[in-house]
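Trainee: Hey, could you walk me through this one? I've never looked at it before.

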Amino acid sequence: MTCWSARVRTRWRSGAVVAVAMMAWSAGASAQAPVAPQMKMDMADHRGALQGRVRDAAGAPVADLPVTAVNEENGAQYVVNTDAQGVYEFGALPTGKYSVSTASGGLTTFRRRGVEIAMDGKATLDITLDAASAAAAAEGERLELLQRIAALEQRISDLESTAVLSEPETRVRRVEVYVDENGQEYDEPVPGTRRSVTYRRERTYRRQTISEKIDEAMEEAARRSVSLGVDAAVAMQFAARNRGQLEANERAYALASADLFFTAGIAQNTLFFADIVGLSGSPPDAEIPTLTLINGYTARLVAQNELNLREAWLRTELFGNRLALTAGRLDLTNYFDANAFANDESTQFISDALVNNQMLGLAVNGTGVATEFDARNGIRLKFGLQQSKTEATNLSDSVFTLSEVGYTFTPFSLPEGTYRVWFRTDNTLPDALRKGFGFSFDQKVTPAIGLFARYGQAQVDLGLGAGVEYDKFVSFGVGFQKGLIFNPDDAWGVGFARMDLRTGERENLVEGYYNLQMTERLRMSFHLTGVLDTPEDGERFGYIFPGIRLQAAF
Amino acid sequence: MLTRYFRIVVAGGLGAAAVAAAAASLDAQGVKISDPTSVVMIVNRDSNDIAFMDIKTKKMVGSVFLGNNVNPHMVMMSPDGRYVVTGGTRANKAFIIDTKTLQLVKTIPTDIAPEHLAFSPDGRWYYQGNPDGDSISVIDMQSLSKIKTIPGLAEPLNVTFLPDGSKAYVGNYGAHWVGVIDVRRHELIKKIQIAEVPGVAKLDPDKYLGEIHGINIAAPSYDGRYLYAADGTLGVVGVIDPREDKVIKHIRVGKDPWRIYMSHDGRYGITPNNGDETISIIDLQSNTVAATLEAGPDMTGVNFAAGKAFVISSTSGFVYVYDMNRLKPAGRIKIGTNIQLETATTDPRDDKLYLAESTNHEVIIIDARTHEFERVRNVGLFPWGTHIMDSKDNYCH
């Protein structure tokens, strides 16, 4: 005996037991009064008869032909055969509408829908089997088939619409309630209650598709996790001397940089951010003593092949998100003088002179605070302070401060522009040298073309009795985006910078770049930088730096 | 003197009686809304109903339950104010409500997931977009029956009609083209490519072979000369000349523009760019970007009132305001924290905004001049959108 046959036998046995039990229950039920008789009476009282005669096209009776009556409401089917005279009779059909048909050789030869059987009535339907009745029957069947197709389509549609998650979801909501002295909670204000805030779970009745549900879960998981970002770049430059006698000539340089960013939302409107950077390679700035950095990445280079904590801060937004407060280890220059066209060595100009205002005068990152008040009407006020010397043993002795006022508007029917002035102090310097100030703007002249400029000066005392004098810096240029480009997200620009120190040192720098966005995460840019420096000893030197920067950010 | 007072009293009494009789008569006829312009319609996604709020009293007039798990998406009143219609996204049906009596008069099967909808200018045709069915159901408002399903679209969102009603334009969010429908025949007759995919697209399968953020709507300018279709993935607005059905200009805007919204004076259009959290203000005379200004995350709509633009930032709880004369920021309105703002409509006088806020099941009424707002609570579960007849800012997500 196989397992299968054993299972069948067991089923049969249990089925038989159930059948016997049902019969016993049924007998018991039918023996019960008075409900059962009433039910039986209802059924008996709602029946009627149908009779008729079937003839062929010549009028002769058709004997022994099955006649079928189908209840149109519930599909119950009844069949009787005609007698020798072609007579058929359904003696007791439940009342309702019936579809009456005959078939011969598999083909329907007659069909009549909507034959009414009334209670205690005796309906008559005589049938003539001719070509017309066969055609009408075929048409009836066709219509019935179409109806069935429509019903099936509707069922499929219903199935599709129900193939979604129908269980109500829950979500927790912050609600205001009113609590009396006995701790009774009310939804509406009641005398003697006080307002209180609580949290309550409620159900939502949106039907979500499975894909919606999965997307939502993934978004929620991402929102709760620490996210990691990477910004990796390699900048290769070639130095060709065109003036002066410096040793470095026709040499190639490369500097690779990788930043790892960690961000996490840790409270309402509060974000943690950390940037760990590692650099490796040799920039031209290691050999060529220009006043400003030819490769802006060099400013990040603390030690070769080592990871350094560049920034780690908490940022929170207060007063309706108008006031942003950032505290921790900062690069304060990131928050100030943020020129739209010349502010990022990873996507725009690579020369530091076209990334930062050289008169800001802050070379290192340190512990500090940055605040930004955005009035949301175009005006922005910023203030920040930061430790300016890493070797300082206290903050009081090494405070660098920056203040800025910015205004964004659309002047003279031009597109938007932002104009800003800043002021800085550094208490590690002698009193007379602590201050510097500057201004900058970025102004779109068309949606595709924008102008930018920076100016800054910083106090300097040469000790020659001339009093306080100023080192000066100026840069300006033009940027192109969303037009005059190969690909939609490409950008390019040309800029000039001049540094003029009271010691007599000067530098003129010009750079052009084209940043090609290859994918959302990959960019390649081409740079050509020219620099002409006049050092303190008056031995001028000049270089041309063609270069390529490859950057991946994701 | 007494006689005079008597006459006044009698006349007053008769007047009051007449008003009461008229009101009683209306009530006896089951009339709940006598003036279709007097109410704000609110789509309640989770309580599966359309609620009606009186604009003057700010009281709920009534609501129409559509059925369990219907999840209505967008509501609109027919141009004659006789019917209110909505698509039940999870019921695959369109629902037609009698405005006066607030009775559900017809339920019509559509294709899968009906969401956005539009009426032809003469009110005869109700086009119901079915984004998951890639089709539009054409409903005849005379017979209140579906007469056709127009296939061949790609996640159709919004439909707009030309003022003469001859053609309809369909934004396909799952593609980069706008469908042109011959309204006489209810047939898709053209596909207008809004912009070409850039040559570097093949290097970036993550972006271009991932989810398409195509075209939400081809929005007509108020003078009817052009239609403006923003393409999210490509970051452009295509300007369509409906006489020739071709794009005459591409306007590059910010990243991932959601759609364009037209200022009521016809001077500007605004695209909220969710990819870089900016708005691009487009000068409709020169068809150039007049300004790109900072905005917020997850923007769902733009309303215009009192010479300003109000940009709804769904998840931040803020409405960003912009001065449309000076094209500069004009502050923000903080509605709340940890809430979700949906979409809003503006009253026809451009005085107030009616903003759906789904977390607390309320509608926020914002005074466009003062930026003060008040809350109307318990309008239904998860209010998803609002609509006022004759408003110029009737839109959906």
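Mentor: We'll start with the ground rules, then go through chain B and finish with chain A.

Trainee: Okay, what are the ground rules?

Mentor: This is a predicted model, where local features need pLDDT of at least 70, side-chain atom pairs count only at pLDDT 80 or more, and totals for chains, interfaces and linings use all residues. Residues are numbered from 1 along each chain as its sequence is written, while chains are lettered from A and ligands numbered from 1 in the order in which they are written.

Trainee: How many helices and strands are there in chain B?

Mentor: Chain B has 2 helices and 32 strands. Those are DSSP runs numbered from the N terminus, with H or I and at least four residues for helices, and E and at least two for strands.

Trainee: And what box do the C-alpha atoms of chain B fill?

Mentor: Roughly 90 × 50 × 40 Å, along the principal axes.

Trainee: What share of chain B is buried?

Mentor: Buried residues are 54% of the 397. Buried means 20 or more other C-beta atoms within 10 Å of the residue's own, exposed means 12 or fewer, and partly exposed is in between, with C-beta atoms placed from the backbone.

Trainee: Which residues have the most contacts inside the largest nonpolar core?

Mentor: Val178(B), Ala229(B), Val237(B), Val311(B), Val319(B) and Leu355(B), in a core of 121 residues. It draws at least three residues from each of domain 1 (66-265) and domain 2 (298-397) of chain B; the domain bounds come from an automatic or database domain assignment. A nonpolar core is a set of buried Ala, Val, Leu, Ile, Met, Phe, Trp, Tyr and Cys residues joined through C-beta atoms within 7 Å.

Trainee: What's Val319(B) in contact with, leaving aside neighbours within four places?

Mentor: Its contacts include Phe310(B), Val311(B) and Ile312(B). In contact means C-beta atoms, placed from the backbone, within 7 Å.

Trainee: Is strand 25 of chain B mostly covered or exposed?

Mentor: Covered: 6 of 6 residues in strand 25 (308-313) of chain B are buried. Lys308(B), Phe310(B) and Ile312(B) point one way, and Ala309(B), Val311(B) and Ser313(B) the other.

Trainee: What about the turns?

Mentor: The hairpin of strands 24 and 25 of chain B has 2 residues between the strands, and Ala306(B) there has a positive phi of about 55 degrees. For strands 25 and 26 of chain B there are 4 residues between, with Gly317(B) at a positive phi of about 80 degrees.

Trainee: Switching over, how many residues of chain A are in contact with chain B?

Mentor: 30 residues of chain A, against 37 of chain B. Helix 3 of chain A gives the most to that side of chain A, with 4 residues.

Trainee: And how is chain A divided?

Mentor: Into domain 1 (42-162), domain 2 (169-216) and domain 3 (226-246 + 253-553). The centres of domain 1 and domain 2 of chain A are 60 Å apart, taken over C-alpha atoms.

Notes. Contact = placed C-beta atoms within 7 Å. Pairing = 2+ DSSP bridges.
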